[in-house]
Amino acid sequence: MSDRPRLLPLLGTPRHGSRDAMTCLYRCGNACEHPVPNTSDNAYFGDVVNAEVSRRGVVRAGVVGALVLGFSGAAAGALAGAAPAAAAPVPPVPPAGQAAAAGRRPGSGALSFKPIPPNTLDTFVVPNGYDHAVIIRWGDPVVPGAPDFNLRRQTAAAQAKQFGYNNDFVGVLPLDKRGRRALLVVNHEYTNEDLMFPGFTSQDALSVEQVKVAMAAHGMSVVEIERVAGTGQWQVVDSGRRPYNRRVDALSSKFELTGPAAGSSFLKTAADPKGRTVIGTLNNCAGGVTPWGTVLSGEENFNQYFVGGDAAPESEKARLARYGISTTARYPSGSRKWDRAAERFDLAKHPNEANRHGWVVEIDPFDPESRPRKHTALGRFKHEGANVIVARSGHVVAYMGDDERFDYLYKFVSDKKFMKGDSWVARKHNLTLLESGTLYVARLDQTSAEEIDGSGTLPSDGAFNGRGRWIKLVSGNRSYVDGMTAAEVLTFTRFAGDKVGATKMDRPEDVEPSLLTGKVYVALTNNSARGVGSNPAPDEANPRAANRHGQILELVEDRGDNTSDTFRWSLPIVCGDPADPSTYFAGYDKTKVSPISCPDNVAFDATGNLWISTDGNALGSNDGLFATATEGPERGHLKQFLTVPVGAETCGPFITEDNRSVFVAVQHPGEITGATVDNPASTWPDGDYAKPGVVVTWRLDGGPVGS
Ligand code: FEO
Ligand code: CA
Ligand code: CA
Ligand code: CA
């Protein structure tokens, strides 16, 4: 590969991790500068529920086995007939990881690629023997009839038909059984106006049309892609009809609210007196592909889009504050001032509008006419994403994290059971699974509490570990939280977690079950405030003070039942430089593992290996993608697979069912304070100015990636 020379390196100011101040401003509204929104004094880490675990070191559960009853192999064939008119019938959609790992314990394979070293190159780096290609980038046409991108004459109407900005989640859903065509479904989390508009000076100086461009650059894209014959490479389908291609955005797309809080007084506005239809989706971060072939998307830092919290009704201010919305300033620092283009963002006039964001969105990419839904049954918080597994009982279980310092882990268990088969009836049924069920929040107990001193020293029992409980918050219309109705629990879920003593975590990002083992992996990205000042002290699951590098938590549900209300947990990886004694790699020889910092998204390949992407590497390298076995002697043998260009974060990732293609989203390349369109800190991917884009990586000899 040829490495393009970096342009003048601009010095940014790192905040959390090594994240540049510019990213903090645009991505999360300077969340780390504001007080921690969770000021509850809920007791966390109470009794050690089951001391038996403590004497045994790392708990290794047996393989759960064939967990996903009902849709292994020919998964969610449910899609037949869901195709748009004139399109081919849609065959089965196997979620990643469904393939059986032939003859080997799932997750136990050795990874065959040679790890790449940390680096700060302004290019996309892959291991020897691999290649990569940009599939689609900001501004590329998506919807038929989309005009070519024009940097200096952008319009909202054009952007609404083009690929949005700052791609994050990546899902790839097969369109045929031979794996030649697929739908790429991508989130567009946020915009960076400094890097989008030539001559940008301030949000105030943007035209209203430019504000609308930014709104149209949010949301999601559905793009039909095809395999480059006989390889692991993919490209957009750019000829003929593309009936599935679609954009949804924050400007004009309509979303239906479902579940017990839909229609409640908390969700009604002047424009929507019934409280059932929302315009726009905000800050879509991670997500997941469901077993029935839809995509879930988490609305994360929605707080930063609202203004006028200072003039909101007094009765609402505590609720706004718990969700990170300023109640003291009309325009908090970094405000996008979208009220200039759409009055609904002004809480002084429309105090309920904020309640209509912060949900999990479900979109059916196989039905471009379908209205995407926001599922209130899954609770409202800063949703990183949601990932679903079908439990042995047939109920579906969605695991979720609230990405804020000292916020919580959640799971949802559906009332109804997954229906097998590819009939219309099954398809229609499965689309309702996330509309009713039970929402739980996690409480983690410790085995070595007295030894946790904030240094990250491994406890004498050989593990950061313990047992945990899923505490029931609400089931259908029945609340289990004193003093809160079901609609209140679902709309103001953080308060419910506070009341029941949920465990305050180090920013739970992606939470994803391995479909092969049923074990659940949580990326806890970092927490600069842990143990600092009056903030909560380190505990066994969050064992380091001022945690810069984050950790991976593994959760094993009791009896291998994902609907269980009890579980065991441990930390297989405590991130950082392996030479740093506070790091841990499941006991693997630390001289042989890659340094990793700030884990964010997780995914599994078809043999069950865990892939981890990073956001804000605090070790001086660009962000990257890593992989490790989760079982057997290779557990903890973490290797770096790729790095993204300067200023960027690695998002996605997604490994195809045949294990031959790794997709990642390169988010916010060149996002370094002082950079502009005309003076970029990165010229990736085209050699001019920085553009977020989706990249596919494959092995040159056509073999499987990873193992
Ligand atoms: Fe959008 Fe939690 O990262
Ligand atoms: Ca322990
Ligand atoms: Ca993320
Ligand atoms: Ca994931």
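Two strands are taken to pair if DSSP finds at least two bridges between them. Helices (H or I, at least four residues) and strands (E, at least two) are DSSP runs, numbered from the N terminus. This is a predicted model, in which local features need pLDDT of at least 70 and side-chain atom pairs count only at pLDDT 80 or more, while totals for chains, interfaces and linings use all residues. Residues are numbered from 1 along each chain as its sequence is written, chains are lettered from A and ligands numbered from 1 in the order in which they are written, and side-chain values use heavy atoms, with hydrogens and water left out.

Strand S3 (residues 181-188) pairs with strand S4 (residues 219-227) in the antiparallel sense, over 8 bridges. Within this pairing, Ala-182 has Ile-225 of S4 as its bridge partner. S3 is also joined to strand S2 (residues 167-174), again antiparallel, by 6 bridges, and here Val-170 lies opposite Val-186 of S3. The hairpin of S2 and S3 has 6 residues between the strands, and Gly-179 in this hairpin takes a positive phi near 70°. Of the 8 residues of S3, 7 are buried, so the strand is largely enclosed by the rest of the structure; buried means under 20% relative accessible area, exposed over 50%, and partly exposed in between (1.4 Å probe, protein chains only).

Helix H5 (residues 314-322) has Glu-316, Lys-317, Leu-320 and Arg-322 among its buried residues. The buried residues of H5 pack against strand S15 (405-407) and helix H8 (493-500), where contact means heavy atoms within 4.5 Å. After H5 comes Gly-324, with a positive phi near 80°.

Donors are N, O and S atoms within 2.8 Å of the metal (3.2 Å for Na, K and Ca); water is not among the atoms, so sites may look incomplete. Glu-509 in strand S21 (residues 508-513) and Asp-600 in strand S26 (residues 599-604) are 91 residues apart, and the pair links distant parts of the chain. Both Glu-509 and Asp-600 are buried.

The calcium ion (ligand 4) is coordinated by Asp-510 (OD), Glu-512 (OE) and Val-602 (O), at 2.2 to 2.3 Å. Its donors are spaced D-x1-E-x89-V in sequence, and Asp-510 and Glu-512 are buried.

S26 also belongs to an open antiparallel sheet of 4 strands, in the order S26-S27-S28-S29. S26 and strand S29 (639-643) are its edge strands, each pairing on one side only. Inside this sheet, strand S27 (residues 610-614) and strand S28 (residues 624-628) are antiparallel and share 4 bridges, with Ser-613 opposite Leu-625 of S28.

Another open antiparallel sheet has 4 strands in the order S1-S32-S31-S30. Strand S1 (130-137) and strand S30 (649-655) stand at the edges with a single partner strand each, so one side of each has no neighbour in the sheet. Strand S31 (residues 661-667) is joined to strand S32 (residues 693-699) by 6 bridges, and Val-666 has Gly-693 of S32 as its bridge partner.
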